[in-house]
Amino acid sequence: MNKFLVAIGILFIIFVTGVIEADDVYEYKNAISVSGMTSEEEVSANPEGNNSVEDVLPELEMHYVNTEVVKGNKVEIYREYEIYRNEANEVIKKVPTENYEYLEYWR
């Protein structure tokens, strides 16, 4: 019986908290403004032909670096790069990251 009363008490607390939070959200839902403009005033923030490196999302690619022999096994080393491309799929910027991958081939 005690477990039942504890469960009912916890559910009651969750219910009261939900009602209080829902009332706050309902009260302030129209007061929240992200841009400070109404939806009629908002325009596109990314005009065509004005793409910079900051506007382009990078693609992550692994590039071959070197091959070494470790303990008699062949190990290929690959490094991850952030590749920035424009709309014509030309590389704008290539930034190396700190991530490496090692493929080991047993002999």
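Visitor: What should I know before I start?

Guide: Residues are numbered from 1 along each chain as its sequence is written, and side-chain values use heavy atoms, with hydrogens and water left out. As the model is predicted, local features need pLDDT of at least 70 and side-chain atom pairs count only at pLDDT 80 or more, while totals for chains, interfaces and linings use all residues.

Visitor: How many aromatic pairs are there by the rule for rings?

Guide: Rings of Phe, Tyr and Trp (its six-membered ring) pair if their centres lie within 6.5 Å; planes under 30 degrees apart are stacked, over 60 edge-to-face, and the rest tilted. That rule gives two aromatic pairs here. Y64 and Y78 make an edge-to-face pair, with 5.7 Å centre to centre and 70° between the planes. This pair links distant parts of the chain, 14 residues apart: Y64 sits in strand 1 (residues 59–70) and Y78 in strand 2 (residues 73–85). Strands are DSSP runs of E, at least two residues, numbered from the N terminus.

Visitor: Why is the pair of Y100 and Y102 stacked?

Guide: Their planes are at 20° and their centres 6.4 Å apart, so the pair counts as stacked.

Visitor: Is Y102 buried or exposed?

Guide: Buried means under 20% relative accessible area, exposed over 50%, and partly exposed in between (1.4 Å probe, protein chains only). Y102 is exposed because its relative accessibility is 54%, whereas Y100 is partly exposed at 36%.

Visitor: Which residue lies over the face of Y81?

Guide: A charge sits over a ring if NZ of Lys or CZ of Arg is within 6 Å of the ring centre and within 35 degrees of the ring normal. K94 lies over the face of Y81, 4.8 Å from the ring centre.

Terms used: Helix = DSSP H or I, 4+ residues; strand = E, 2+ residues; numbered from the N terminus.
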